[in-house]
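Biologist: I'd like to learn how to read a model like this one, feature by feature. Can you walk me through it?

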Amino acid sequence: MNTKLFSRWLPAIEQTPIIRKTGLGVAGLAFVTGAVAAPAIAAQTTAEHVGTPASYSVMADRDHQDGKGKPEREKLVPHGVQGAQSRIDISDEQADNVKAIVKATKKAGMDERAAVIAVGTSLQESKLENLGHLGARNDHDSQGLFQQRPSSGWGTVEQITDPEYATTAFLKGLRQVDGWQELPLTVAAQKVQVSAYPDAYAKWENQAADLVADAWARS
């Protein structure tokens with residue numbers, strides 16, 4: 001972490017690396033509208049299936065609620081995926097968090113690609129679980145879907161554990177990334193999260209795209 005690079009946002013910040021349980025990696029620093037934060041160390045609570053999932057095909061069916069079809073694949077993954085892909089089973093609660101991310105993305109006036117980046121980031125940071133404080137496993141005070149830190153200016157605990165607020169905060173950081181629309185998911189996410197493992201987000205792109213495709217038409 002280059003402290004000089006981020007000194008204009010947060011002059012003093014703790015930088016003690018903590019190893020994630022079950023290999024989620026060490027999270028770095030993230031910034032939102034002038035604040036810097038460190039994503040938390042989240043426990044991996046869901047089995048992860050590593051490999052290359054079956055190819056995604058655009059569905060021709062229409063959603064019964066609003067009559068809109070699913071987004072086209074090239075809007076979701078315009079640059080292809082980088083490396084082997086992982087996939088986890090999603091609970092109803094995790095699916096609800098995907099819907100919340102998609103709704104917040106639409107409310108922010110951003111597109112399907114932004115939602116894929118946000119969902120992929122949350123898959124890596126928290127496995128789409130709205131985590132509270134994890135005690136000894138926590139990286140300082142990081143919490144929520146994106147593991148944002150109240151002490152670093154992301155908001156109060158109540159705010160960052162609100163999926164809509166947390167997503168909006170993440171998207172504010174994404175907006176500050178020049179040309180984010182043209183970047184691979186892992187690069188765009190890394191620009192916001194500044195993880196010690198910059199390629200960690202890449203493996204979630206296929207599943208993030210599939211989840212957003214299902215949720216986008218229904219939100």
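This is a predicted model: local features need pLDDT of at least 70, side-chain atom pairs count only at pLDDT 80 or more; totals for chains, interfaces and linings use all residues.

Biologist: How many helices and strands does the protein chain have?

Modeller: Helices (H or I, at least four residues) and strands (E, at least two) are DSSP runs, numbered from the N terminus. Here there are eight helices and four strands, in the order α-β-β-β-α-β-α-α-α-α-α-α along the sequence.

Biologist: Fine. What share of the residues counts as buried?

Modeller: Buried means under 20% relative accessible area, with a 1.4 Å probe and protein chains only. Of the 219 residues, 51% qualify.

Biologist: Which residues touch the most other members of the largest nonpolar core?

Modeller: In general, nonpolar side chains tend to be buried together in soluble globular proteins. A nonpolar core is a set of buried Ala, Val, Leu, Ile, Met, Phe, Trp, Tyr and Cys residues joined through side-chain atoms within 4.5 Å. The largest one here has 37 residues, and Ile 117, Val 119, Leu 123, Leu 174 and Val 212 touch the most other members. Two or more residues come from each of α3 (92-107), α4, α6 (163-175), α7 (185-193) and α8 (205-216).

Biologist: Take Val 119. What does it touch, beyond residues up to four places away in sequence?

Modeller: Contact means heavy atoms within 4.5 Å. Val 119 touches Val 98, Ile 101, Leu 128, Ala 208, Leu 211 and Val 212.

Biologist: Now α6. What should its 13 residues span?

Modeller: The expected span is 1.5 Å times one less than the number of residues. That gives 18 Å for α6, and its end C-alpha atoms are 18 Å apart, which agrees. At its start, a side-chain oxygen of Asp 162 comes to within 3.0 Å of the backbone nitrogen of Glu 164. Buried residues of α6 include Phe 170, Leu 171 and Leu 174.

Biologist: Where does Gln 143 lie?

Modeller: Gln 143 sits in the loop between α4 (112-126) and α5 (157-160). At 8% relative accessibility, Gln 143 is buried too.

Technical notes. Residues are numbered from 1 along each chain as its sequence is written. Side-chain values use heavy atoms; hydrogens and water are left out. Buried means under 20% relative accessible area, exposed over 50%, partly exposed in between (1.4 Å probe, protein chains only). A polar contact is a pair of N or O atoms within 3.5 Å; within protein, one must be able to donate a hydrogen and the other to accept it, and residues adjacent in sequence count only if both atoms are side-chain atoms.
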